[in-house]
Every structure is written in structure tokens, then in C-alpha cells.
Amino acid sequence: MTLQPITTSTSYTADRAWLASLHGTDSIETITLDLSKLTAGTHTAASTDSTQPYSRVLSGVPVGKITANGLYGAFDPTASDGRQNLAGHVFAETLFAPAAAKAPAALLWHGVVVAAKVPGGIDPTKVTPSVTGPQIRYV
């Protein structure tokens, strides 16, 4: 039997239309996402490439920190698990395996965001301002 390994590569261009300025992009933080707290098709995109089985969390998703486990999930002003407090936005798209429960991500916690272009949307009037939390300005 002869094995012939093959290599493929796929490149993605992150859609950062939600990002209004490069301000703050030099000081992102590493977080871990709880994928069960994200909505498929809104916050994540399934792979359409037959050679790439991984789905991806979209760049720009607003997230909040879950108090019980320290993971991050989609910001929800009506939640009571910590996600009602905005922590920031997922800065770069991140890939995750189909059966994964968690995924690492980069968090933009300081910067300027175009509210109308945030994946899944965000109502800036429902974001509670904080002097010690995220410093996001919406335009």
C-alpha cells in the first residue's frame, strides 16, 4: 500500500464591517466561548467547504461573561447569567470543530463599533455603561 498525503489550504477574509476604527485593536484579550450560548446562523457560520469541516464564530459577535463558569456567550440584555453585561465583541473569526463545546477567541473590549453591522445586531441603548468594564462606543 502506498500513501500519498495531500495538503489543502483555505483562506478566509474576516468581515469586519462592524469595526469603525482600529482604535483598541492593539489590546485585545483572549477568552473562551461557550458555544452553546451562540446561535447558529446568527453568531456562527457552518462550513460550506467539503475539505474544511470546521464552523466559525463570526467576527463582531457581542459577548458577555457567564458568571457561573467564566466562559463567554452571546450578549443578551434579558439574560440573568452574566451575559446581560456586555464584555466586548469577538474580534477575529475563530474556527471550531462540529462537536466542540468551547472555542478560544479574541475579545475587543475597547474601541468603536458600527452597531448596524454587528452580527445578530445590538441595541446600544440596552448596553449598560461601565467605568470598569468594556469601553465600546457605538456609531
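Select Thr44 to begin, and you will find that it stands opposite Val57 in strand S3. This is a predicted model in which local features need pLDDT of at least 70 and side-chain atom pairs count only at pLDDT 80 or more, while totals for chains, interfaces and linings use all residues. Residues are numbered from 1 along each chain as its sequence is written, and side-chain values use heavy atoms, with hydrogens and water left out.

Strands of a sheet pair through backbone hydrogen bonds, either parallel or antiparallel.

**Thr94 in S7**

Next select Thr94, which has its place in strand S7. Is Thr94 buried or exposed? Thr94 is buried, with a relative accessible area of 12%, where buried means under 20%, exposed over 50% and partly exposed in between (1.4 Å probe, protein chains only). A polar atom of the Thr94 side chain lies 2.9 Å from the backbone oxygen of Pro104. If neighbours within four places in sequence are left aside, Thr94 is in contact (heavy atoms within 4.5 Å) with Leu33, Ser55, Arg56, Val57, Pro104 and Ala105.

**Strand S6 and its partners**

Move on to strand S6 (residues 86-90), which is mostly covered, five of its five residues being buried. Strand S4 (residues 62-65) pairs with S6 in the antiparallel sense over three bridges, and Leu86 in S6 is the bridge partner of Gly64. Strand S8 (residues 102-108) also pairs with S6 in the antiparallel sense, over two bridges, and here the bridge partner of Val90 is Leu107 in S8.

**The nonpolar cores**

Now show the side chains of Leu33, Val57 and Val63, which touch the most other members of the largest nonpolar core, a set of 17 residues. A nonpolar core is a set of buried Ala, Val, Leu, Ile, Met, Phe, Trp, Tyr and Cys residues joined through side-chain atoms within 4.5 Å. Strand S1 (29-34), strand S5 (72-74), S6 and S8 each supply at least two residues of this core, and S8 gives the most to it, with three residues. Apart from this core lies another, of 14 residues, among them Leu86, Ala106, Val118 and Tyr138. In soluble globular proteins, nonpolar side chains tend to be buried together.

**Val127 in its loop**

Select Val127 next, in the loop between strand S9 (110-113) and strand S10 (135-138). Val127 is buried, with a relative accessible area of 16%. Which residues does Val127 contact, leaving aside its neighbours within four places in sequence? They are Phe75, Leu86, Ile122 and Tyr138. For a distance check, pick the C-alpha atoms of Val127 and Leu71, which are 56 residues apart along the chain and separated by 19 Å.

**A charge over a ring**

Finish at Arg16, whose charged end sits over the ring of Phe91, 4.1 Å from its centre; the criterion is NZ of Lys or CZ of Arg within 6 Å of the ring centre and within 35 degrees of the ring normal.

Technical notes. Helices (H or I, at least four residues) and strands (E, at least two) are DSSP runs, numbered from the N terminus. Two strands pair if DSSP finds at least two bridges between them. A polar contact is a pair of N or O atoms within 3.5 Å; within protein, one must be able to donate a hydrogen and the other to accept it, and residues adjacent in sequence count only if both atoms are side-chain atoms.
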